[in-house]
Amino acid sequence: MKNNIGNQSDYDERQIAARGQAFQLAYFALLGALLLYACSEGLFGRWCDAGAAAGLCACPSVTVFAVTCIWRDAYRRPNERPAGMIALMGFLAVVNLALGIVRICEGDVVQEGILTFFICNTAVGVMAAVILAAYLLRLLVLRKEREEE
């Protein structure tokens, strides 16, 4: 299959099917996170603002999608090199964790007992670090499998 941009091959049929399954899992992870958030609001009262709730529910869903795709070899195109993804996820993890630490130290994350949107930098940093770890682990597993053949 060719994409409209150039001669670079796109995802194959197996990868498209795996991505569809990953979308389903991510959707149910999002529903579960939203349900947990709604229940926690009912049990404990308002503990975070709407922006923080949205970010804290979205990050696990994106992580489920990415990790599922990584383990099913559907995260990158067949001819794509892993270095770009490693650099991007490493950059996202470092920058967002650093911003999260700065916000925590400045006291912006919790205001008047309510978790604010500023926690999302930390959540995105953790998400990127988990995706990076899964990606590197998958590359190691694939390399070991090739060596054993």
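**Entry 1. A first residue**

Is Asp73 buried, partly exposed or exposed? I looked up its relative accessible area, found 30%, and therefore noted Asp73 as partly exposed. The classes I use are buried for under 20% relative accessible area, exposed for over 50%, and partly exposed in between, with a 1.4 Å probe and protein chains only. I placed Asp73 in the loop between helix 2 and helix 3. Its phi is near 55°, which is a positive value in a residue other than glycine.

**Entry 2. Basis of the entries**

I record that this is a predicted model, in which local features need pLDDT of at least 70 and side-chain atom pairs count only at pLDDT 80 or more, while totals for chains, interfaces and linings use all residues. Residues are numbered from 1 along each chain as its sequence is written, and side-chain values use heavy atoms, with hydrogens and water left out.

**Entry 3. The chain as a whole**

I found 4 helices and 2 strands in the protein chain. Both are DSSP runs numbered from the N terminus: helices are H or I with at least four residues, strands are E with at least two. Along the sequence, the elements follow the pattern α-α-α-β-β-α. The C-alpha atoms fill a box of roughly 55 × 35 × 30 Å, taken along the principal axes.

I noted 149 residues in the protein chain, of which 33% count as buried. The accessible surface comes to about 9,400 Å², and 65% of this belongs to carbon and sulfur atoms. Such areas come from the Shrake-Rupley method with a 1.4 Å probe; for residues, only the protein chains shown count as cover.

I then looked up the contacts, meaning heavy atoms within 4.5 Å. Among contacts with a separation of 6 or more, 75% are between residues 24 or more positions apart.

**Entry 4. Salt bridges**

How many salt bridges does the structure hold? I found 3 salt bridges. The term stands for a side-chain nitrogen of Lys or Arg within 4 Å of a carboxyl oxygen of Asp or Glu. Side chains of opposite charge can pair when their charged atoms come close.

I returned to Asp73, which forms a salt bridge with Arg138, the closest N and O atoms being 2.8 Å apart. Asp73 lies in the loop between helix 2 (50–71) and helix 3 (82–106) and Arg138 in helix 4, so the pair ties together parts that are 65 residues apart in sequence. Arg138 has a relative accessible area of 11% and is therefore buried.

Another salt bridge joins Arg103 and Asp108, with the closest N and O atoms 2.9 Å apart. I noted Arg103 as partly exposed because its relative accessible area is 27%. Asp108 is buried, at a relative accessible area of 16%.

I also looked up Arg14, which forms a salt bridge with Asp12; here the closest N and O atoms are 4.0 Å apart. Arg14 counts as partly exposed at 46% relative accessibility. Asp12 is partly exposed too, with a relative accessible area of 28%.

**Entry 5. Charge**

I noted 13 positive and 14 negative side chains in the protein chain, the centres of the two sets lying 7 Å apart. Lys and Arg count as positive and Asp and Glu as negative, whereas His and the chain ends are not counted. The place of a charge is taken as NZ of Lys, CZ of Arg, CG of Asp or CD of Glu.

Which residues gather in a patch of negative charge on the surface? I found Glu145, Glu147, Glu148 and Glu149 there. A patch is made of residues with over 30% relative accessible area and no salt bridge; like charges are joined within 9 Å, and nonpolar side chains (Val, Leu, Ile, Met, Phe, Trp, Tyr) within 5 Å. Glu147 lies in helix 4 (residues 119–148). Its relative accessibility is 61%, so Glu147 counts as exposed.

**Entry 6. A nonpolar patch**

I found that Tyr27, Phe28, Leu31 and Leu34 make a nonpolar surface patch of about 410 Å². Phe28 belongs to helix 1 (residues 13–44) and is exposed, with a relative accessible area of 55%.

**Entry 7. Another positive phi**

I looked up Glu112, which is not a glycine but has a positive phi of about 55°. Glu112 is found in the loop between strand 1 (110–111) and strand 2 (114–115). Its relative accessible area is 83%, so I noted Glu112 as exposed.
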